[in-house]
Every structure is written in structure tokens, then in C-alpha cells.
Amino acid sequence: MATLSIAEVVPSPEQDCEALHEAFQGLGTDEKDVIRILARRDASQRKKIRETYQELYDKSLIDCLYSETSGDFRKAVILWASDPAERDARLVNKALRSHKENVKNLQVIVEVACATSPDHLVAVRQTYCSLFDCSLEEEIAKHISDPLRKILVSLVRSYRYDKESVDSGIASMEAAKLHDAIEAGKLDDDEVIQIMSTRNISQLKETFLWYNDNYGTSIEQDIIASDDDILARVMKVVVLCINLPEKHFAEVVRTAVLGLGTDEDSLTRVIVSRAEIDLWNIRDEYLYSYKTSIVDDIIDDTSGDYKRFLMALLGASI
């Protein structure tokens, strides 16, 4: 369930653009007005605002936001105001160009491949080609080594059937195949990759349920128990993004706010990318898993306009 709260009476795109233009005038930007407008508009409304702003002022709204805001608030509001496919394409590109083959970066690719709709993944791949003059698969092949390259390329290439269709016989059989591969330490086995990258989400959830019922533990627990290397940790993210995305994203937020410093990039990515999808579920999972409110933890770790913007997307008031 989404947390985005749309204004009861939504002004026209022209009125929103005029208000945003006014907020950018003078010595300082009126960030509260920027938040009031953009944080209460869905993706289709934000698209119309971007297009109308360009028509009215012959300027890119994204460029204006970049020049008129700063810090973590600027990063967050630009990601939110951008086309979702472009946003995710740029996030994936940043992760790949970091040249750091770790879970923090690779999970960005997994999230786009496994925790969004098939149509959105296709849009991200098309946008990636337009923005960076190469395919997403080529970039993964260039920057990531096997066996992770083999798995990630298969995941981003997939186009899963997006309707509920389940075959219990196949689920039981493939649960056994996954169990055998995990016990043998062969997480990059061709059959494992084929199952994870081609089966529809409902079928995979049924397979994971069969796994838990037949073997007494969840598949993600067995994956980590088999080996704690980066391949196992990435495969755990794959399973969670397919089966329990709210648990994965709650973990990302928890990791981002724990310790001495805040990982603002990871925190922003979760709040911005999930506000129109399942951020309420993530809030509930966070409370269940960590016995504390995600809102309270984020308030404690952020400040200023950045905090106000995240709270608006979370459907919380401060």
C-alpha cells in the first residue's frame, strides 16, 4: 500500500508550475512550497508538471530544482520529480559506475529487476539505452564479474508474466531443485537462475512456501547458512525482493539509519521509489521487525527540508 497522499483538490499543472516558479524567485527558494506541491502529486501529475513547466518557461523543472535546492533535499526532490524509469536507470548506472562489487550497490539492480513490474523494468532498460548509449546488460557485463554477472544479466533480461498463475506441482519440484542446489553450494546453477529469473512472482512465492513447508526453514535462511559470501547475500536480496519486498526495504532503511552516520542515498532511494507502491507495508514491517517506528528513526537521523520531504512522502506529519 502506498503512503503518497494526493491533495483533495489538485490545481491544474499550469497553477502548480506558476507556484513552483514563484517559489524559485527572490534571494532564497521557498522549499516548503516545493514540498507542498511535489510531495502531493503522483507520477502522472508530476509528468504533466514537468512538461508544462518546460512549455511555460522554456526551462527544465529538474534543472531548476538542481539550481534552487541543495544537499540531500536536492537529491531526493530531483529523484521524486524525475520520470520513474529515468530515476531508476540513473540509480542503477550510479551503482554500476561505483566499481564497488558489494551488496549495497548490487541490491539497487536487484530491486529494479525483482521488486517492480515487468513493464517498469522494460522502461528502465529502454531509458538506460537512451541515457547512456549502451544496454543495461552490457553495463553489467562490463562492470560485474561472474557469477554475479550471470545472475544479474538474467534478472534484468526477464519479462515475467504479471498475472497470478500458480502450478503447485512445479512449485514442489522446483523447491526441491533449489534445496539441492543450496545444499551443494551451487547458487549460480543454471536451473536456479532460470527459476529465479523467469517464473512469475506468484509462482515463485508458491515455490518458496513449498520450500519452507518441506524443509522447515525459509529459503533465504538456508541461502545465508550455506555461505555468507557476496553471492549468497545477493541471492538473499533476490528472494526477499520477490517474496517479501517490504522486509528487504525495511532492512535497507534500518541499515541506513543505524550507527554514527546516516546513509542518505539508500534512505532516499527507498522512500522515493516505494512511496507510490508499498511504503505503508514497509512501515508496518519495520515496526514489526525492529519494535520502533520508521518515522521516529528517520526523524532522529535527518533534518531540515530533507526531513520534511521524507515525512511528506511517508504520510507523516512533524
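Below are my entries on one helix pair and a few salt bridges.

**Entry 1: what I'm looking at.** I noted before anything else that this is a predicted model.

**Entry 2: a pair of helices.** Two packed helices are described by the angle between their axes and the distance between the axes. I looked up both for H2, residues 31-38, and H5, residues 71-81. Their axes come within 12 Å and cross at roughly 30°. Angles under 35 degrees count as roughly parallel, so I wrote down H2 as roughly parallel to H5. I also checked the hand of the crossing, and H2 goes past H5 in a left-handed one.

**Entry 3: who touches whom.** Which residues make the contact between H2 and H5? On the H2 side I listed Glu31, Val34, Ile35 and Leu38. On the H5 side I listed Phe73, Val77, Trp80 and Ala81. Then I sorted the residues of this contact by type: 7 are nonpolar, none is polar and 1 is charged. Glutamate counts as charged, so the charged one has to be Glu31 of H2.

**Entry 4: salt bridges.** Side chains of opposite charge can pair when their charged atoms come close. How many salt bridges does the structure hold? I found 20, and I picked a few to look up.

**Entry 5: arginine 46 and glutamate 276.** These two side chains meet in a salt bridge, at 2.9 Å from N to O. Where do the partners sit? Arginine 46 is in helix H3 (residues 43-57), while glutamate 276 is in the loop between helix H17 (264-274) and helix H18 (279-290). The pair therefore ties together parts that are 230 residues apart in sequence. Glutamate 276 has a relative accessible area of 30%, which means it is partly exposed.

**Entry 6: aspartate 88 and arginine 87.** Here the salt bridge is 2.9 Å from N to O. Buried means under 20% relative accessible area. Aspartate 88 comes in at 4%, so I call it buried. Arginine 87 is at 7%, so that one is buried too.

**Entry 7: lysine 163 and aspartate 162.** This salt bridge is 3.3 Å from N to O. Lysine 163 has a relative accessible area of 48% and is partly exposed. Aspartate 162 is also at 48%, so it goes down as partly exposed.

**Entry 8: a network.** I also noted that Lys75, Lys94 and Asp265 are joined into one network by salt bridges that share partners.

Definitions and conventions
Residues numbered from 1 in each chain as written. Predicted model: local features only at pLDDT ≥ 70, side-chain atom pairs only at ≥ 80, totals over all residues. Heavy atoms only, no water. Axes fitted to C-alpha atoms, helices over the stretch in contact; angles between N-to-C directions. Helix = DSSP H or I, 4+ residues; strand = E, 2+ residues; numbered from the N terminus. Parallel < 35°, antiparallel > 145°, perpendicular 65-115°, else oblique. Left-handed = near helix turned anticlockwise from the far one by under 90°. Contact = heavy atoms within 4.5 Å. Salt bridge = Lys/Arg side-chain N within 4 Å of Asp/Glu carboxyl O. Buried < 20%, exposed > 50% of the residue type's maximum accessible area, 1.4 Å probe, protein only.
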